[in-house]
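Please look over the sequence and the model shown here, keeping both at hand while you read. The paragraphs below are meant to be followed with the structure open.

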Amino acid sequence: MKMFKRFAAALLAGVMVLAMLTACGGGAGGSAMPTDDVEKAEVLYTDVFNAVLNSHYTNDADLKAKAKQILDASLNEDGTLKDGKEMTVTLPSDKPSVETGITIIAQPGSKNTPYGQTSEQLTTAYNNRDEALDAVRNTVGTSADIFAAVTNLAVGAVKKGDKTYVALAMTLDLTKVEE
């Protein structure tokens, strides 16, 4: 759990860069824009995490479903965190060296407030994703010892009220990390 939280913090720094760029106007990305906000958020955040990890993970269907399940179980309809729920959940594993965790993306500056984006904010971020991905790569950099531990990654999103909320799910092989 400690390793997952440390790792998730490094990745979430990349999301903060993305959040800063959601207010920028500008160019469209290279591919066709997804039509619904949930899909848009999943594509956008998968791209961000791949940029941070310098990888090409696809959005694993099983992990994505688990991320969505955690979001639905943890968030009220207004997007606030339900009483007794945590922003990061570690899933049980049958292997002691493997850890799967799901982290709800937090509001920048508040580690216990889920970050919801309106349709307009997601569209702006999606349209500016190339600039955001470059900024993420330049700001976060890489830490090969930690990032080598990632064996699977997914992003799940759900719509609550007029905002879309995102959770990152990743599986780490702790034998690949030096403490």
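What follows is a walk through the chain, from its overall plan to its strands, its cores and a few individual residues.

The model is a predicted one, and a careful reading begins with its confidence. Across the chain the pLDDT averages 80, and 74% of the residues score at least 70. Among the elements of the chain, helix H1, residues 2-20, has the lowest mean pLDDT, at 56, whereas helix H3, residues 61-74, has the highest, at 96. Over residues 21-30 the pLDDT stays under 50, and for this stretch the model has 22 contacts beyond four places in sequence.

The chain has 6 helices and 5 strands, and along the sequence these elements follow the pattern α-α-α-β-β-β-α-α-α-β-β. Of the 179 residues in the chain, 46% are buried. Among the contacts with a separation of 6 or more, 76% are between residues 24 or more positions apart.

Which strands pair with E5, and in what sense do they run? Strand E2, residues 98-104, is joined to E5 by 7 bridges and runs antiparallel to it, with Val 98 having Asp 173 as its bridge partner in E5. Strand E3, residues 116-117, is also antiparallel to E5 and is joined to it by 2 bridges; here the bridge partner of Gln 117 is Thr 164. Strand E4, residues 150-160, pairs with E5 over 10 bridges, again in the antiparallel sense, and along this pairing Asn 152 stands opposite Thr 171. E4 and E5 form a hairpin with 2 residues between the strands, and in this hairpin Gly 161 takes a positive phi near 65 degrees.

Strand E1, residues 88-91, is reached through E2, to which it is joined by 4 bridges in an antiparallel arrangement. Thr 88 has Thr 103 as its bridge partner in E2, and E1 and E2 form a hairpin with 6 residues between them.

Leu 174 lies in the segment after E5, and its relative accessibility of 26% makes it partly exposed. Although Leu 174 and Val 98 are 76 residues apart in sequence, their C-alpha atoms are 5.9 Å apart in space.

The next step is to ask how the nonpolar side chains are grouped. In soluble globular proteins, nonpolar side chains tend to be buried together. The largest nonpolar core in this chain has 22 residues, and those with the most contacts inside it are Tyr 45, Phe 49, Val 166 and Leu 168. Helices H2 and H4 and strands E4 and E5 each supply at least two residues of this core, and H2 gives the most, with 7 residues. A second, separate core of 15 residues includes Ile 70, Leu 71, Val 158 and Ala 167.

The ring centres of Tyr 45 and Phe 49 are 6.4 Å apart, within the 6.5 Å limit for a pair, and their planes are at 40 degrees, so the pair is tilted. Tyr 45 counts as buried because its relative accessibility is 1%, and Phe 49 counts as buried because its value is 0%.

The charged end of Arg 129 sits over the ring of Tyr 126, 4.1 Å from the ring centre.

Note on methods:
Residues are numbered from 1 along each chain as its sequence is written. Side-chain values use heavy atoms; hydrogens and water are left out. Rings of Phe, Tyr and Trp (its six-membered ring) pair if their centres lie within 6.5 Å; planes under 30 degrees apart count as stacked, over 60 as edge-to-face and the rest as tilted. Buried means under 20% relative accessible area, exposed over 50%, partly exposed in between (1.4 Å probe, protein chains only). A charge sits over a ring if NZ of Lys or CZ of Arg is within 6 Å of the ring centre and within 35 degrees of the ring normal. Two strands pair if DSSP finds at least two bridges between them. A nonpolar core is a set of buried Ala, Val, Leu, Ile, Met, Phe, Trp, Tyr and Cys residues joined through side-chain atoms within 4.5 Å. pLDDT is the predictor's confidence in each residue, from 0 to 100. Contact means heavy atoms within 4.5 Å.
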